[in-house]
Amino acid sequence: MMPDHYHLFDHLREGVQLIDNDQRFVYLNDAAAQQAKIRPSDVTGKKITDVFPGLERTSLYARIRACLSSGSMERLTDHIPLQDGSSVWFDLRLQPVKEGVLIFSADITAEKELEALQIQADLERRLLESQTETSDYKHALDESCIVAITDQKGTITHVNANFCRISGYSKAELLGQDHQIINSGYHPASFIRELWVTIAHGKIWRGELRNKAKDGSYYWVDTTIVPFLNEKGKPYQYLAIRNDITARKQAEEELVKSNEQLETKVQERTLELTQALEREKELSDMKSRFVSMASHEFRTPLSAILSSTSLVEHYLQPEQTEKRTKHLDRIRSSVKNLTNILDEFLSLEKLEQGKVETHATTFDLKESIQDAIEDMEGMSKRRRQTILFQYEGEELISQDKKILKNVLLNLLSNAIKYSPDEKAIKINVQVDPASVRISIRDEGIGIPKEAQQHLFEKFYRANNAVNIQGTGLGLNIVKRYMELLKGSIHFESEEGQGTVFHLLMPRYRDS
Amino acid sequence: MKKILIIEDNAEIRENTSELLQLRQYEVRAAENGREGFEMARIFQPDVVICDMMMPDSDGYEFLKLAKADVFISKIPIVFFSAGSPSPDIHRILIKVANGFLKKPFTEEELLQIIQEAITRRSEFSQ
């Protein structure tokens, strides 16, 4: 039964209903009836679950039971299905009373709907925003990068304008192809394999690639490939974002090239320095050869002079005149010998400074050679050597007589010095209308093979000649003299057999 | 009379050195190269050998090797006299092994002194 004072609720704007402990309607005010779309007379005394068949599944029902059993106060918002199939949102307060439970309800369906609308509007706005954002990103990416998308097999499904521009291919040419189309062949297979292994495992790959454009030119791209993964974590497509770094790569290559050039320059400089050092060493070797030669060549005649002087002092008696004379001659000859060495040095010095002048005169060559032979006969006769002379052709030539005689004396004295006793020395002359050939042949010790290329070097002495007196200057001077005569000198020699020197010069030396 | 063997390729120096020593009552023989000197030394058995270093055919080093390997002359003192050497190493070896070294040009006194010293040392050694 409903207490009378409940009628105080009849006209309240808030819905009020009383449900007894058996979950039956006892009282509903007008607002509650209106909200639930029922008439109080139809439902009073009926079980709430009978009136609202869907009620058992609502939170409200659970709270009613809780309120009835434990006397707790409840408050909730719930969505309740009505008899006509519609449903209403309620803001509900459950108050335990001694008759059962008193339920205060407010219909908040309108607010809920508004709220839902707001949420949807908000979602739509956010979706729009996010779409705009995505499109901004895409725009930025397309503007700044070379973009391509491929499927999981690598077939190109999308390219942007930058891709087409740099590769020189049209979109139509690229779609459906794989990246083989721009493969430059530059990268080793292992490098490409590593790229595919990385992205096939769903990882991002970054690196620098050299690609080939349609026109065959190459371009470098800094590349990032991002795999897009399906719900199983497998890549279903790849996004490749590239940037043109051709200019940077070219700059790097230039740098490498210029480094290489620098390296070459350094090597050249090193070589120059090494050569300079070698020249320095040669000079130093020459200096030490000179010192050793000068020491020996000067000391020997000086020894003779000193000992002959001592001996002259011993031979003071009148009957010793002959001995005295012999030693005085010996002193004179040694001094002459020293003077000759000195003259050789001076000639060389003059030659090297270009101070030797030539004066061509017309003279009898045959006579001149005979003079030279006579000059050397003292030396050859001591060794019981013979000098044979053969002359063919005209006798008059026009050359520098003094220089030619020097050459002949030098070669003759060499032939005598380097030949054993009793051997023959042969001089052959052939005068043609325009040229003069002279050969001087000996049967001496010969010139060792390894010495032949050095023979005309200053201070050079062949191995088999070091113990024989000599300055190592004679042949160097002879060669320079022959150049002054506009002629040449060469030789043939075999060690132990002998040597022949050939001279060739013009018969008429101009000026 | 003490016996001296001179080994020297240069005729003037060979003759002059011989004469200087003969004037001092030495018995002198002379050879023109190392090998010839070695042959002569075996027969002549000199008290001192005075030998040049640089000679054609066979030089002072060659003589030294032959002499030191021969039981009859290995004990004879050797004095080298030289105007220099193409090889500083050989020069050093010869000076080290020799009983005296005389640098050209030398005075009469230097020659006589070094010969006298070599003879004295030899007689001290044999006593």
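I began with strands β15 (residues 435–441) and β17 (residues 498–506) of chain A, which pair in the antiparallel sense over seven bridges. Two strands pair if DSSP finds at least two bridges between them; strands (E, at least two residues) and helices (H or I, at least four) are DSSP runs, numbered from the N terminus. I looked up the bridge partner of A:Val436 in β17(A) and found A:Met505.

This is a predicted model, in which local features need pLDDT of at least 70, side-chain atom pairs count only at pLDDT 80 or more, and totals for chains, interfaces and linings use all residues. Residues are numbered from 1 along each chain as its sequence is written, with chains lettered from A and ligands numbered from 1 in the order in which they are written.

I then traced the open sheet of five strands in chain A, which has the order β12-β14-β15-β17-β16 and mixed pairing. Its edge strands are β12 (386–393) and β16 (488–494), each pairing on one side only. Neighbouring strands are turned by 10 degrees against each other on average, direction ignored; axes are lines fitted to C-alpha atoms, for helices over the stretch in contact, and angles run from 0 to 180 degrees between N-to-C directions.

Next I checked helix α12 (residues 401–417) of chain A, which lies across β14 (424–431), β15 and β17, at about 20 degrees to β15(A). Contact requires C-beta atoms, placed from the backbone, within 7 Å. Helix α14 (residues 474–484) of chain A touches β16 and β17, and its direction makes about 140 degrees with that of β16(A).

Finally, I noted that 20 residues of chain B are in contact with 18 residues of chain A. Helix α1 (residues 11–23) of chain B gives the most to the chain B side, with seven residues.

Key. Two residues are in contact if their C-beta atoms, placed from the backbone, lie within 7 Å.
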